[in-house]
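Subject: Structure handover

Hello,

Here is the structure I promised to pass on. Please open it next to this email and follow along. My notes come after it.

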Amino acid sequence: MKLNGISDNPGSSKNRMRVGRGIGSGKGKTGGRGVKGQKARTGVAIKGFEGGQMPLHRRLPKRGFWNPFSVDYNEVNLGRIQQAVEAGKLDIAAPVTLESLIAAGVVTKARDGIKILGQGELTAKLTFEVAAASKSAVAAIEKAGGAVKLLAAAEAAPSA
């Protein structure tokens with residue numbers, strides 16, 4: 001076999017149809033586009049255009065509201081923190097912060113800070129420096145001998 005003897009299988013590829021080359025070609029005059037109108041012209045395909053009728057996306061009413069001042073906390077339960085302490089991922093002596101929880105793998109994404117929730121059992125004596133905490137979480141932390149310091153909104157959110 002030689003390189004100059006290689007070719008496609010017969011019938012595997014077809015020649016390109018050359019449009020607009022006379023009416024005898026079968027694709028002459030309008031070139032397969034039909035006749036007249038906006039879409040017969042080149043380069044026109046308007047997304048959502050309904051021929052002058054009011055488009056569906058403009059007929060439907062707007063819904064909802066986005067609050068620009070809303071906060072999106074990482075919510076972490078006490079039981080999850082206790083698991084990280086038992087696994088040796090969190091240092092008991094150091095305060096529990098957003099950075100320490102990311103390093104321990106408890107939280108993956110730094111949002112607007114951490115909110116501690118009271119689900120689960122906490123036995124380790126820990127100091128928390130977080131953006132928010134539920135009443136039950138604060139009670140459980142203080143019962144275990146720890147303390148909670150709530151950060152101001154500017155401190156809690158990481159600088160992006």
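Two strands count as paired if DSSP finds at least two bridges between them. Keep that in mind for the sheet below. Also note that this is a predicted model.

Confidence first. The mean pLDDT of the protein is 90. A score of at least 70 is reached by 95% of the residues. Among the elements, strand β4 (residues 132-133) has the highest mean pLDDT, 96. Helix α5 (residues 153-156) has the lowest, 61.

In what order do its strands lie? The order is β1-β2-β4. These three strands form an open sheet, and the pairing is parallel. The edge strands are β1 (74-77) and β4, and each of them pairs on one side only. Look at β1 and strand β2 (residues 114-117): four bridges join them, and they run parallel. For a landmark, find Glu75, which stands opposite Lys115 in β2.

Next, Gln82. You will find Gln82 in helix α2 (residues 78-86). Is Gln82 buried or exposed? Its relative accessibility is 8%, so Gln82 counts as buried, because the cut-off for buried is under 20%. Which residues does Gln82 contact, leaving aside neighbours within four places in sequence? They are Glu121, Leu122, Thr123 and Ala124.

Then Leu150. Leu150 sits in strand β5 (residues 147-150). Its relative accessibility is 52%, so Leu150 counts as exposed; the cut-off here is over 50%. Leu150 still has contacts. Not counting residues up to four places away in sequence, Leu150 touches Val130, Ala131, Ala132 and Ala133. Leu150 and Glu129 are 21 residues apart in sequence. In space, their C-alpha atoms are 5.9 Å apart.

Last, the start of the chain. Ile6 lies in the segment before α1 (56-59). With a relative accessible area of 52%, Ile6 is exposed. Ile6 also belongs to a surface patch. Which residues make this nonpolar patch with Ile6? Met1 and Leu3 do, and the patch covers about 470 Å².

Gln82 is buried. Leu150 is exposed. Ile6 is exposed.

Best wishes

Conventions
Residues are numbered from 1 along each chain as its sequence is written. This is a predicted model: local features need pLDDT of at least 70, side-chain atom pairs count only at pLDDT 80 or more; totals for chains, interfaces and linings use all residues. Side-chain values use heavy atoms; hydrogens and water are left out. Patches are made of residues with over 30% relative accessible area and no salt bridge: like charges are joined within 9 Å, nonpolar side chains (Val, Leu, Ile, Met, Phe, Trp, Tyr) within 5 Å. Accessible areas come from the Shrake-Rupley method with a 1.4 Å probe; for residues, only the protein chains shown count as cover. A salt bridge is a side-chain nitrogen of Lys or Arg within 4 Å of a carboxyl oxygen of Asp or Glu. Helices (H or I, at least four residues) and strands (E, at least two) are DSSP runs, numbered from the N terminus. Buried means under 20% relative accessible area, exposed over 50%, partly exposed in between (1.4 Å probe, protein chains only). Contact means heavy atoms within 4.5 Å. pLDDT is the predictor's confidence in each residue, from 0 to 100.
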